[in-house]
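Trainee: Hey, could you walk me through this one? I'd like to start with the big picture and then pick at a few residues.

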Amino acid sequence: MNQAATERCEQAWAALKLVPDPEVPAISLCELGIVRDVQVAEDGVLEAILTPTYSGCPATELIEEQALAALNAAGLGPSRIVLRRAPAWTTDWISEEGRQKLRAYGIAPPGRTASMLAAGEAPIHVYGRRSASAVPCPRCGSDRTEQLSPFGSTACKALHRCLSCLEPFEHFKPI
């Protein structure tokens, strides 16, 4: 890739790092791991490669629109969004900064699935109200929590409650 294309890609990454996730605006598309790559195609068009969090994500079209608008606002010339669903998105792609921002926003970040798979466990578990592996409260840090519902405000989150500070919170499910 020539110097001009490299600089254009770097500017695109900078622009995309400012685009918030529409469902969790405290974290950017890049921190969430949705932006997989930025490249200049053979026809000279700048391509942002995105992987939705899951194939039925209702925010996918809005994410595409916002990412394209950010690239256009940065004046990076012709650009397009390419959705790449394989490999499937995993919560392991959330950056450490993104995990910290989720916690600060009041959402317990997911655990790492790669370590769960290495231990021979399934990446998604269904539990009753009390889970064998407690999710730490993002507000007070207590491990004394319970799952109220495996479903939160979106399909990728579960509803929990802290038994120490009594605050409800969502947990980003590890997938």
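Mentor: Let's go from the chain as a whole to single residues. This is a predicted model, so to speak with care: local features need pLDDT of at least 70, side-chain atom pairs count only at pLDDT 80 or more, and totals for chains, interfaces and linings use all residues. Residues are numbered from 1 along each chain as its sequence is written, and side-chain values use heavy atoms, with hydrogens and water left out.

Trainee: Okay, how many helices and strands are there in the protein chain?

Mentor: You'll find five helices and seven strands. Helices (H or I, at least four residues) and strands (E, at least two) are DSSP runs, numbered from the N terminus. Read from the N terminus, the order is α-α-β-β-α-β-α-β-α-β-β-β.

Trainee: And what share of the residues counts as buried?

Mentor: Of the 175 residues, 41% do. Buried means under 20% relative accessible area, exposed over 50%, and partly exposed in between, with a 1.4 Å probe and protein chains only.

Trainee: In which sense do strand 4 and strand 7 pair?

Mentor: Parallel, over two bridges, with strand 7 covering residues 168-172. Alanine 108 has histidine 171 of strand 7 as its bridge partner.

Trainee: Switching to tryptophan 89. Where does it lie?

Mentor: Tryptophan 89 is in the loop between strand 3 (79-83) and helix 4 (96-105).

Trainee: Buried or exposed, that tryptophan 89?

Mentor: Tryptophan 89 counts as buried because its relative accessible area is 5%. Leaving out residues up to four places away in sequence, it touches Leu32, Gly33, Ile34, Thr51, Pro52, Thr53, Ile94, Phe172 and Ile175. Contact here means heavy atoms within 4.5 Å.

Trainee: Which backbone oxygen does the side chain of tryptophan 89 reach?

Mentor: That of leucine 32, at 3.0 Å. A polar contact is a pair of N or O atoms within 3.5 Å; within protein, one must be able to donate a hydrogen and the other to accept it, and residues adjacent in sequence count only if both atoms are side-chain atoms.

Trainee: Thr51 was on that list. Where is threonine 51 found?

Mentor: In the loop between strand 2 (46-50) and helix 3 (60-73). Threonine 51 is buried, at 3% relative accessible area, and its side chain reaches the backbone oxygen of arginine 84 at 2.7 Å. Among the residues that threonine 51 touches are Ile34, Pro87 and Trp93.

Trainee: What about threonine 60?

Mentor: Threonine 60 is in helix 3 and counts as buried at 9%. Its side chain reaches the backbone oxygen of cysteine 57 at 3.0 Å.

Notes:
Pairing = 2+ DSSP bridges.
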